Amino acid sequence: MLKKIILLLFLSLISLYAIEEQNIQKVTDTKVREVLNILKDKTLSQKQKDAKNVRIIDDIFDFDIMSQISLGRKWKSLSNNEKARFSKAFEKKIKHSYLDKLRLYNNEKVIIKDLEKVKSNRITLETQVIGLDDTYKVIYLFYKKKHTNEWYIYDVELVGVSIIQTYRKQFSEFLQTKTIKQLIESL
């Protein structure tokens with residue numbers, strides 16, 4: 001069940017670049033279609049599909065912010081080198097998981113729903129992933145970078161569960177008995 005849910009999450013991943021607020025829904029819809037077309041393209045090898053799909057998420061997900069949030073207070077105690085190594089390892093883990101779950105694609109559909117501005121620098125975008133048996137609500141959490149005014153995804157909620165908060169809990173438990181070096185190596 002968890003694998004199916006994660007697959008549905010990644011099927012609804014949006015392929016964007018840092019975007020302006022007023023274009024989030026429109027661009028999201030367009031890019032979702034691109035992702036689905038890549039998955040359905042039988043002329044592409046799996047390696048080609050993976051490369052295209054990674055490029056799609058690179059520009060819209062802020063992996064550095066996701067890394068910081070996933071470590072919580074521990075982040076501030078890390079050296080710059082440890083932060084860089086952790087961010088790189090965490091990004092690699094997220095992308096690997098994404099590609100792994102996309103390989104389970106089975107003609108699910110994605111509908112872009114409501115955009116809600118919850119704060120001046122926070123927006124949520126609701127989507128629905130419609131599978132053969134179930135429909136799942138996926139919410140993307142965007143934040144606006146101060147210096148650029150561009151919007152990026154910093155978390156995703158699937159049926160009410162935050163991906164980043166789930167990692168945060170796991171990492172916190174891991175670090176109670178092990179080191180940050182061991183955590184990085186485990187990613």
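I'll start with H2 and H3, which are roughly antiparallel to each other; that term applies to angles over 145 degrees, with under 35 counted as roughly parallel, 65 to 115 as roughly perpendicular and the rest as oblique. Before the details, note that this is a predicted model: local features need pLDDT of at least 70, side-chain atom pairs count only at pLDDT 80 or more, and totals for chains, interfaces and linings use all residues. Residues are numbered from 1 along each chain as its sequence is written, and side-chain values use heavy atoms, without hydrogens and water.

Helix H2 covers residues 24-40 and helix H3 residues 46-58; their axes come within 10 Å and cross at roughly 170 degrees. Axes here are lines fitted to C-alpha atoms, for helices over the stretch in contact, and angles run from 0 to 180 degrees between N-to-C directions. Helices are DSSP runs of H or I with at least four residues, strands are E runs of at least two, and both are numbered from the N terminus. Val-35, Ile-38 and Leu-39 of H2 meet Lys-49, Lys-52, Asn-53 and Ile-56 of H3, where contact means heavy atoms within 4.5 Å.

Also in H3 is Asp-50. Is Asp-50 buried or exposed? Asp-50 has a relative accessible area of 12%, so it is buried; the cut-offs are under 20% for buried, over 50% for exposed and partly exposed in between, with a 1.4 Å probe and protein chains only. Leaving aside neighbours within four places in sequence, Asp-50 is in contact with Leu-99 and Arg-103.

Leu-99 is also among the buried residues of H5, as are Phe-86, Phe-90 and Ile-94. Helix H4 (residues 63-71) packs on H5 (residues 80-102) at about 100 degrees, with the axes 9 Å apart. That makes H4 roughly perpendicular to H5. On the H5 side, the contact includes Phe-86, Phe-90 and Ile-94; on the H4 side, Phe-63 and Met-66 are among the residues involved.

Last is H6, residues 163-175. Which residues of H6 are buried? They are Ile-164, Tyr-167, Phe-171 and Leu-175. Down the axis of H6 these fall within an arc of 65 degrees, so they line one face of the helix; the arc is taken over directions from the helix axis to the C-beta atoms. An α-helix has 3.6 residues a turn, so residues three or four places apart point the same way. The cover over the buried residues of H6 includes H4, H5 and helix H7 (180-186).

Key:
Expected span 1.5 Å × (residues − 1).
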